[in-house]
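Please keep the sequence and the 3D view at hand.

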Amino acid sequence: MLGKKWHLSRKGFPSGKRVKWAVGVLDELTNLLENSLPRAEVDWGNKQVVYFKPAGSDTVRASVHTKRRGGIDLSLFVERGQFALGKIAGLGREREIATHSSGKELIKIRFDSAAQVTKPALKELLNEISAQL
């Protein structure tokens, strides 16, 4: 069965291709998410994505794509207009805010180093989102 160990491993990537992010980044990010979103249920059962949902709900509030070579992609589903791009401007290597098909906004942040994950602004953002779960 797939689980946390699978997602944290270097298995599951296309063979012969270099992974462009440091080994400890994913562990650091998932620990931060689990601590910042303590009321969320974590679904490790998918092959490439980890989902964070409010307890007893099917609504995904955050997801982490763990098997992309270019970086670890965090997606946060928030209410429209809740966060401006300036709020996330210094986070990760790449970031954007887009409209999701559900009507919510989707904050996307790509990480490739542990220094990006340990920024206080990321923890602050996650704490604001956690308050809504």
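Two strands are taken to pair if DSSP finds at least two bridges between them. The model to which this criterion is applied here is a predicted one. Strand β1, residues 40-43, runs antiparallel to β2, and four bridges join the two. Together β1 and β2 form a hairpin, with five residues between them. Within this pairing, V42 has F52 of β2 as its bridge partner.

Strand β2 also pairs with β3, again in the antiparallel sense and over four bridges. Here the bridge partner of Y51 is S63 in β3. Is β2 mostly covered or mostly uncovered? It is mostly covered, since five of the six residues of β2 are buried.

With a relative accessible area of 5%, S63 counts as buried because the value falls under the 20% limit. Not counting residues up to four places away in sequence, S63 touches V49, V50 and its bridge partner Y51, as well as D73, L74, S75 and F77.

In soluble globular proteins, nonpolar side chains tend to be buried together. In this model the largest nonpolar core has 30 residues, and L29, V64, L122 and L125 touch the most other members. At least two residues of this core come from each of α2 (24-36), β2 (49-54), β3 (62-65), β4 (72-78), β6 (105-111) and α5 (120-130). The element that gives the most to this core is α2, with five residues. Which residues does L29 contact once its neighbours within four places in sequence are left aside? L29 is then in contact with V64, I72, L74, F111, V117 and L122. Two of these contacts, V64 and L122, are themselves listed with L29 among the residues that touch the most other core members.

Rolling a probe the size of a water molecule over the atoms shows where empty space is left. The largest pocket holds about 220 Å³ of space. Its lining consists of 15 residues, and R68, D73, S75, E96 and K108 lie nearest the centre. Strands β3, β4, β5 (94-99) and β6 are the elements that give two or more residues to this lining. By class, the lining of the largest pocket comprises seven charged, four polar and four nonpolar residues. Two of the residues nearest the pocket centre, D73 and S75, are also among the residues that S63 touches.

Note on methods
Residues are numbered from 1 along each chain as its sequence is written. This is a predicted model: local features need pLDDT of at least 70, side-chain atom pairs count only at pLDDT 80 or more; totals for chains, interfaces and linings use all residues. Side-chain values use heavy atoms; hydrogens and water are left out. A nonpolar core is a set of buried Ala, Val, Leu, Ile, Met, Phe, Trp, Tyr and Cys residues joined through side-chain atoms within 4.5 Å. Buried means under 20% relative accessible area, exposed over 50%, partly exposed in between (1.4 Å probe, protein chains only). Contact means heavy atoms within 4.5 Å. On a 1 Å grid over the protein atoms alone, a cavity is a set of points where a 1.4 Å probe fits but cannot get out, and a pocket is an open set with protein on both sides within 12 Å along at least five of seven lines; lining residues have an atom within 4 Å of a point. Grid points are joined across faces, edges and corners, and a volume is the space filled by probe spheres set on the points. Ala, Val, Leu, Ile, Met, Phe, Trp, Tyr, Cys and Pro count as nonpolar, Asp, Glu, Lys and Arg as charged, and the others, Gly among them, as polar.
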